[in-house]
Each structure stands twice: as C-alpha cells, then as structure tokens.
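Visitor: Please show me the model. I have some questions about it.

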Amino acid sequence: MFPAWLWLTCFSIPQAFAEAQPPDLTVEVPENYGGNFPLFLTKLPLPHERAEGQIMLLEDSDVATEGLFAVDPDSGFLVVTRALDREKQAEYKLQVTLETEDRHILWGPQPVVVHVKDENDQVPQFSQNIYRTQLSRGTRVGIPFLLLEASDGDEPGTANSDLRFQLLSQTPAQPSPHMFYLEPHLGSLALSTIGSTSLEHALEGPYQLLVQVKDMGDQATGHQNTATIEVSIVENTWVPPKPINLAENLKVPYPYHIAQVHWSGGDVHYHLESQPAGPFEVDAEGNVHVTEELDRETQAEYLLQVRAQNSHGEDYTEPLELHVVVMDENDNAPVCPPRGPLISIPELSPAGTEVTRLSAEDADAPGSPNSHIVYRLLSPQPEEGAEGRSFELDPNSGTVTLGTTSLHAGQDILLRVLAADLAGAEGGLNSTCEVAITITDVNDHAPEFTTSEIGPISLPEDAEPGTLVATLTATDADLEPAFRLMDFAIEAGNTEEIFGLNWEPDSGHVQIRLRKNLSYEAASRHMVVVVVRNVEELVGPGPGPGATATVTVLVERVTPPPKLGQASYEARVPVSMPAGSLLLTIQPADSMNRSLRFSLANDSKGWLCIKEDSGEVHTAQSLQSAQPGDTYTVLVEAQDTDDPRLSTSATVVVHFLKAPPAPALALTPMPARYLCTPRQDYGVVVSGLSEDLDLADVNGLFSFVLGPNPTVQRDWRLEPLNGSHTYLTLALHWVEPGEYEVPVVVSHNTQKWQLLVQVIVCRCNVEGQCMRKVGHMKGMPTKLSALGILLGTLAVIGFFLILIFTHLALARKKDLDQPADSVPLKTAA
C-alpha cells in the first residue's frame, strides 16, 4: 500500500498544474507597419494535443478592434491583420484559451500584451499661432515674461516628443537684434542682457518674433512648426505708494481697501508679505486690503512687500515696499505698577524725604497727549484743623515725599493716587494706584525704671551670697525688639562689690543679689544706685532721670550660734576603763570667744558625764556592762552662756574595745614593745605626757596622728585610749616581722611634737604570744661548748668505766689462780 502522504502528493500535483496561471506574453508591434498582413507576432504555448478544443481570442479594449488580432490554428501563431496607430491606442491586452464546445476551458487563459511601438509621425503644435504680450520697462534680465506652450502627439518621454524651442528672428532689430532670449527646453521668453540695457531706448511699437518648435530633441532631423510673438514695450508703473496711515480700532467693513499696485507687464501674479505678520492681503488686480481692526499697542507699524511674479513665482522686478502706520487712539488707561512690598520709612524722618516715585505706564503713543499722565493724591486726606499733610505728591513726576505732619512708629498707611492721561483733561482715562507704607521704629526712647526708689530693705548680716535683694523693672517705649534690649549696671554704692546684677538680655527685669557677706560693723546701710541703658545706640536726647533707681539696704546685726570644733567626736575605750576616766574634751571653734555651757542630751545608760564649763567628757561609772565592738552615741548640747537661745550640738560616738592584756593596762611604756603578726586585738600604749618641763602641762586633751609617710599610714593605726594616751596597732592583717620606728605626732593645746615609737613586729604562737628568738646569754655556754663538755664528760665516764672493768677482770683472774679450799663460802641468808 502507498503511504497516505504519497497519495495526497500525487493527487495534488495535477491540480497544481491545472490551476497554475501562465505568465504574460509581451509582444511589440511598430505603428503604421507598411509590410504584408497578417503579420505574425509570436507563437503561443498551446498544448500539442488540442484536436478536441477550439482556440478562443478575447480582446480587452474599449476601442473596437474586431478582427485586428487572430490566432493561426495550424501554427498557433498570434497575428495582427492591419496597421496599428499608437496615437489611437498604445497597448492591447488579449487572452487566449483552448475551449470545448460546451465552453469548458482545456488550456489557458494565456494573457498577451501587445505594445505599439511609436514612430515619429506627429508634428509639434503651438498652442497659439500668434502670441501677444506686454513687456514693462524695468523687467529683470532672464525673468520669463511669456511661456510658450507646444505639444507633440508622439509617445511622451521619447525623442519623438522631445521638443526644442528656437527664436528665429526679431523685427525690428533695433536697438539690438538680440533683445530677447528664448529658453530652448522650457520655451520661456525673457530679456537678454543686451535687451535689458537697451530696453529704455526700445521702440514703443511691438516687436515681431518668429519662433520655432521641433521634435527629436537636439537631433538635426524631426518635425517642426513656427509661431509669431508680438511684444509691446510699456512704461513701468511699479511705483511704491506713500506711507499709509490707518487709525487703530477702525470701525469699517472688512476687508478694507488701503492701496493699489500695478505691474504693466503681462501675465502677472501679485504676492504680499508683511513684516511683522499682519492682517493684509493683495488680490489679482493689485488691490491691497486690511482684513481686520489694527491695534497700535500690539503693533504700531508694518512693512508690506508686494511682489510682481510670473507663473513660476519669479519676481519681474524688485518688490514694492508699503509703510503702514497705525495711528494712536486714547484707548488705554494708565497702568499702575504692581503693588510691591511695604515701603519702610523710619520715624522722625524730616519733611521732604522721598518715600517713593510712582511710574504708571500708558500703552498709547509715547509723547502724545494720550500717554501724558499726571497724578493726584486721593488719600489719606489731612485731618480737620491740621496745618499740614503727612505726604506730598508731585503731579508730574509722581514723587511722594513726607509732609510736615509727623508720623509715629508702627503706623501702616495705604496711599491711593489717581493717575490720569490726557494730562488730566476731561475725557481722559485714569487708574488708581496704591502704595503701602509702614513707619518703622528708631531707637529714640531711653529705657526707664518703673520705680526710682526702692526700700529700705532689711537684710541680716549673715545672709548668704546669692540672696535676692530686690527686683527692678525697666520699660522702653520703642517697638523694635532690638531697641528694647537693655544693659544694667551699678553706678554707685557698691565700692566693695558686695552686690551684683543678674538679668536676661531680652527682659526688662534685673535682680540685685548679694555677692559677698554683709557686715554690720563695716556698713549698716547701703545706697545702691542702678542705671539702665540701651544696648543699641540711642537716637535723639540721652537718658532722663528715670534711667536710674536707688535701692536702700539696711544691715541687721546677727549674733551667730556657737560653733564647735567638730560636728562629731569619736572615742575608742576598752570596757575595763574605770569611772572618772577622761574620754575627750568638746571645744568651741577657734574663732569663738564666747563662753559655753555643755550638757548631755541622751545619755540613756548613764555611762558618761560632761563638765558644764570645760566640756570634758568622763566615764560616769564602770563600763563592764558594755560589750566590746558596740558603739554608744550621746548628744552634747552647747549653749551660749549670755544668750541661751543660741545653741549648737555635736555627737559623741564611743567605740567599746576589748580590755587589753594586763601588762598593756599600764599607762607607762613597756620596756620592750612587741606586736604580733598576724594582727591581734591589742596594741602598744603611746602616752602624750612628756618629761620635758616645757611640755609638762597635762591640762587639756591630747590628740595623736600618724606621721605623713604614706607607708606608715598604710601599715599602722591609732585608736584613742583616753585623753592623754592612745593605742598603736597594726592596720594590716600581716606586716613583715622586724623592727620599726613609727612616728606619732602629738598635739596638746597650742603645742605639737613628734614621738618615735620603737616597735618590734614578731610572729605569734597559738596563744597569740610573740615567739622570741633565743640569743647567747653572757656567762652561759654556747651550743658548741656544751657539745664539747658533753663529749668530754662521756669520755671521762668511759675512761673510768674502762678502769673499773679492767680492775674487775684482773681481780677475777687472781681469784682463779687461788686453790678452791682457800675461797671462803658465802653466808646463806
């Protein structure tokens, strides 16, 4: 079996051949063929087997051509039966088919195109036998003033219809036989260069020109024809008119005739151009019209150019210029300048000061009455009874100046000025101009205090520096904030600079405050004079009396309360301290010269007592009930003996310590001062009492401090024992064992001296006792001597033992040498 695609391909091939359109056959036949007919043109591609069909020839033409073409059935040639004329029909379209009797097409249709080849059988023809035209004097050289028209019936675009023009003769030949030039391809007639220069002397009668037209282009052969041209020389009428004055806004029907131009030559076309572009036109007769109303303010003048041109748009001569002037009408009112920003005028400006210059504009013609503007002030009007005006106005220049009436800062004034044209005459136009003016402030007011006298103000003499004494207020009548800035100063009454001023730069308030302490003894009364001034420079007269203020300050005497040397006192005492022991002395401050009465306020345990006059604090009873490590705080009150209302107080803090070991209780220094490391709960007693006669005074409290050496202050610590003794203990848990000299500074009353306390730091045993190194004792043997003695003793003992044992051995031998019966028997017990 055949594949389906192959079957479809075989089936479609005959259909494609049957439906394929045969290509066109093109045949060319010369026109006016003079040979025998029928003339065989081409063999048609008919099928070889066509016995069953009939050849059919169909002509597609509007011209009756029946029997003009045929097909020879035997040879299959297409033939033409008679001569063809291209000018009647240049092309024939035929269709050839092979059909059956029942009109079924077996082959075709076959398109056949028959072209008729042109022959030069047509003579060129002028459009006219005689051409008549006019030539105006002033025509440019080479500008055609007549265009000849000729035609040729042969095929266009071929040499048969390629025409050439020629000027054969000129009659008369004066003043030159070559007055004219005929362009050979276009047939345009123009003045020659000689003719242009001779045209002014040319005859007025017409010139007869014989012209020829020939086909076949530049070839010598071809058909030809002639015609006559009559050229009349006419005067040049191409003269510019006078300037044209047209009123603006002219109310007439439009288009409106304003001028006429004329070119005396023939075949003229007018063309108008306007600079700038305007509503103007020119018709074929040379009449110039304006087509709408003109506005002088839009355009005051126009320059019109009218050209006389031939049919090709070429100018015969120079264009005419028409000057159109638009006449002004008073149709524009004065226009005020736009209202600008406020015009600032400083107050106190003198009369005649120029404020502004108005400059209204009128769009009408400059220099004419229509644009002559004068000014008149409408407002503000002077007040009734006023002798002068605030502003003056020059009617011609529009200059506004200040009048004699003074103006004040802060005033906002609106000037209304009438601007009228026609110099203000009746019938003119006008506008109202506005000018906004503000009167600015100048620094013409000095600040003044609202109160010139303040006080008297009483202040205690113990008032702290910084205490507010008084607040003064000053005002300034100026409006500008910068002009209200004030500067204050103390002008008098402050030689010791006890008082000072504080104020904010933009505030009118100033505070007087104390800078130093007051003293009733130095001055019991102060008269402080404060002056206020402007920061900015003052304009006009200087400050008046209100620029100063006097503050009276009275100083009140104040007795200060008593002061103690310390706000808090501390004492460290062992619980074994007996009753009556002096702990410390409460003393007034060095500067106090008053007598005080002392008392205890909260001695709840009754352990302490204080001497009322001296301030000595003693133990009132045994402290055995106190626990080591506890603290006991009492309040000591001190009253002024002369004025009991004046009092002060101080706290006394007692730190209870463990009772020191018995040897340490002795108040006399130990011969050997040892301290254990690590640190124990006892120390070395240091006494402030001295054997020096100059330092033997024991009245008063002794104070103890370590020397200034930082290492000493780091390693050691002093703890008070009583008023004349203190404990020296280790401050660190561990101090390297060794011998130390600890400087202790003792102060008593107004005297001060230093003690060098010799301290040996040693290691401690489990009982907390110092382990001392045993040294060589005088008269006692050393280790080596003791060893020698011991060895010597052992040697002596050994020597005696050897003698004894030797003696015993010899005695035994002697006994053995005796007879047995000679040995006595031992007595039995």
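Visitor: How many disulfides does a search of the whole structure find?
Guide: This is a predicted model. The cut-off for a disulfide is a pair of cysteine sulfur atoms within 2.5 Å. Searched as a whole, the structure gives two.

Visitor: Which handedness does the link of Cys 336 and Cys 433 have?
Guide: The S to S distance of Cys 336 and Cys 433 is 1.8 Å. The pair links distant parts of the chain, 97 residues apart: Cys 336 is in the loop between E23 and E24, Cys 433 in strand E30. Both cysteines are buried. About the S-S bond the angle is -80 degrees, and the link is left-handed.

Visitor: How many residues apart in sequence are the parts that Cys 676 and Cys 764 tie together?
Guide: Cys 676 and Cys 764 form a disulfide, with sulfur atoms 1.9 Å apart. Cys 676 lies in strand E46, and Cys 764 in the loop between strand E52 and helix H4, so the parts tied together are apart by 88 residues.

Visitor: Is Cys 764 buried or exposed?
Guide: Buried means under 20% relative accessible area. Cys 764 has 16% relative accessibility, so Cys 764 counts as buried.

Visitor: Which residue in E23 stands opposite Asn 245?
Guide: Strand E17 has an uncovered face, Asn 245 and Ala 247, and a covered one, Ile 244 and Leu 246. E17 pairs with strand E23 in the parallel sense, over four bridges. Opposite Asn 245 stands Val 325.

How values were computed:
Residues are numbered from 1 along each chain as its sequence is written. This is a predicted model: local features need pLDDT of at least 70, side-chain atom pairs count only at pLDDT 80 or more; totals for chains, interfaces and linings use all residues. Side-chain values use heavy atoms; hydrogens and water are left out. Buried means under 20% relative accessible area, exposed over 50%, partly exposed in between (1.4 Å probe, protein chains only). Helices (H or I, at least four residues) and strands (E, at least two) are DSSP runs, numbered from the N terminus. Two strands pair if DSSP finds at least two bridges between them.
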